[in-house]
Amino acid sequence: MSSLRVVRHSVFVVSIVFSGAVFAGHSHPSPGPLPGGNIQKYTQPLSIPPVIDATQGSPFTITMSEFQTQVLPSSFPKTTVWGYNNAYPGPTVVAKRGVAAKVNYVNKIASPKLLAKLPVDQTLHWADPLKLGCAMMTPPLSAECFQRYTGPVPTTVHLHGAEVPSAFDGTPDSWFTASGLKGAEFVTSSYIYPNNQEATTLWYHDHALGVTRLNVFAGLTGMYLLTDPAHEPANLPSGKFALPLIIQDRSFDTKGQLFFPSDGINPDLHPFWQPEFFGDVILVNGKSWPFLNVEPRRYRFRLLDASNARFYTLKIVKSDGSPGPVFWQIGSDGGYLNRPVRFSELTIAPAERMDVVVDFTGLAVGTKLLMTNSANAPFPGGDPVDPATTAQVMQFKVVASSGSDGSVAMSNGLKLRPKNSIVDLRPTVAGSAPGTTVPLRRLVLKEIEGANGPEMVTLNNTRWMAPVTETPRVGATEVWELINITEDAHPIHVHLVQFQLINRQDLDPEAYTAAYEAAFPGGVFPPAGGTPLPYGNCYPAGVCGGNPDPTPFLAGTATPPDANEAGWKDTFHVFPGQVTRFVIRWAPQNVPAGTVGAGTNLFRFDPTATLGTTDTFGFPGGAGYVWHCHILDHEDNEMMRPYLVNN
């Protein structure tokens, strides 16, 4: 067991027990943390976020601000949060395929009280509005770098999973503040979302460099539902029987305010940063352990894991612990599956979405059900859930029916997508040797260890600010092979495009790590210093990435995607000790496989357009895109890389 695993499981306890301790010249504000077990459950009804109707294309504004709202039961004071349009979580934007959404984002988080509780770590590579230059690449550091940051608050908004011009993608350095400061990649705060992709469940959230974990923790999260009335499956649950369920874990202090631990595991390097945040209170739609009255009929739930780091393995059980209704998953990140898939439990990762139908038909009025969680944290090999807190998510109470259920039963084999709309990229790369038909990028997930645990977690042993290495061509299809030699699962997200999982295969991580580090010149491993071998050229059909071939270290046979992973995805689980392979194409989803090649742009914008230019569609150019781990604490400390789309 590595020091990473031990430290991760002890630091949060230390930060609670010794919350008044002083490290590296900073002190923790009082009051101390409130144990989640002291909060009464199932006293608050599920809150439904307000809706912004963007289906007609009318411009609208989303404002970021600080306010108070009732997160915990009414016996506690209101909690100070940040949110969009004074909603926590933010309003659900309902958009329509083919109708562009035009949104103006406004940052009004000025002189926020909550910032005093959010441990901005200025020694990370972060937005740095005041240009103190405290990033760890440039020691020695002044004492000011180890103090709490007092503002202003940088924000930017990323529409997760969307096909958008890079100027509107919310890249990490496109941040802006209420006082008018702007990041190097800022183009505009008025975005246009083309909405040309398939109907699906997207979400929007803050993406400011180095503080995403804190801004999202504070509340900057909301759902975005892209609809396509002309192609929606008929007779799915709708109206009040179709609800978003945004699941997050949080911690609170004894005054009912948000509590984020701030004892850095390597305080001489990073005074506040910890590898992952895990809270002991589960929120759904911004309420702690709420209940939902359900009629004995079918419901559609849009599940979103908006937690910083926590995976959830969800199940519905009756009050005596016996199995309750199952999940019928009908959609994933990128849209509908071909047919509903039945699961007794579902594992959802941070940033992942699952569109499910749950059938409460036949349950007696008065029946109470629990949605439970059994996922270890970190996932999959970390600490088990606490039966009194993190093992419970929300309650369902069956009430009398208000009318007949006109929705269709999922067990009838419903076709969710017309056959002519199914695009499968996998056959184009199946059965061929890597790099013989399409480019293969071989990339490594690597932890960089410090004295007491990780100093950072990296993609390809490379820092955020290193020169861009991932440069796919527009229209091209590539296979990405991710080699995870860390101990945890990482939800990997690639901006701009949806992709498809090919397979996963077990790997001997210790043996591969030894070969990987030995491959560096002289056998000297430079932490976060790049790859051991020359990165190489992917095109026209090469192997690139600069890492040793994992083939000699593979075990067993490759396993295909689970049934609910077989559709389009933008976030996928990369498990420890495995090689995960997926096929990715820089073209719209609906383009038939094999009909577009490298150098051909079929987006209705130009993803290659650069800062300071305007593309032929009239959109401003941007700084490109990024790919990263969606454990927010990881992406804030180097587990994110920029990438550029080329012609």
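**Salt bridges and a helix in a predicted model**

Let me begin with glutamate 352, which forms a salt bridge with lysine 569, their closest N and O atoms being 2.5 Å apart; by salt bridge I mean a side-chain nitrogen of Lys or Arg within 4 Å of a carboxyl oxygen of Asp or Glu. Glutamate 352 sits in the loop between β22 (345–348) and β23 (353–359), while lysine 569 sits in the loop between β32 (554–559) and β33 (571–574), so the pair ties together parts that are 217 residues apart in sequence. Strands here are DSSP runs of E with at least two residues, helices are runs of H or I with at least four, and both are numbered from the N terminus.

Residues are numbered from 1 along each chain as its sequence is written, and side-chain values use heavy atoms, with hydrogens and water left out.

Are the two partners buried or exposed? Glutamate 352 counts as buried at 2% relative accessibility, and lysine 569 is buried too, with a relative accessible area of 4%; buried means under 20% relative accessible area, exposed means over 50%, and partly exposed lies in between, using a 1.4 Å probe and protein chains only. Both residues belong to a network of salt bridges that links Asp333, Glu352, Arg353, Lys569 and Asp570, and the whole structure holds 23 salt bridges.

Another of these joins the side chains of aspartate 549 and arginine 442, at 3.6 Å from N to O. Aspartate 549 lies in the loop between β31 (543–544) and β32, and arginine 442 in strand β26, so this pair ties together parts that are 107 residues apart in sequence. Aspartate 549 counts as partly exposed at 35% relative accessibility, but arginine 442 is buried, at 9% relative accessible area.

Strand β26 (440–449) also leads us to helix α3, whose buried residues pack against it as well as against β28 (477–484) and β30 (499–507), where contact means heavy atoms within 4.5 Å. In α3 (residues 509–518), the buried residues are Tyr512, Thr513 and Tyr516. They cover an arc of only 100° around the axis, which puts them on the same side of α3; that arc is taken from the directions between the helix axis and the C-beta atoms. The exposed residues Glu510 and Ala518 are carried on the face turned away from that buried side.

Methods
Predicted model: local features only at pLDDT ≥ 70, side-chain atom pairs only at ≥ 80, totals over all residues.
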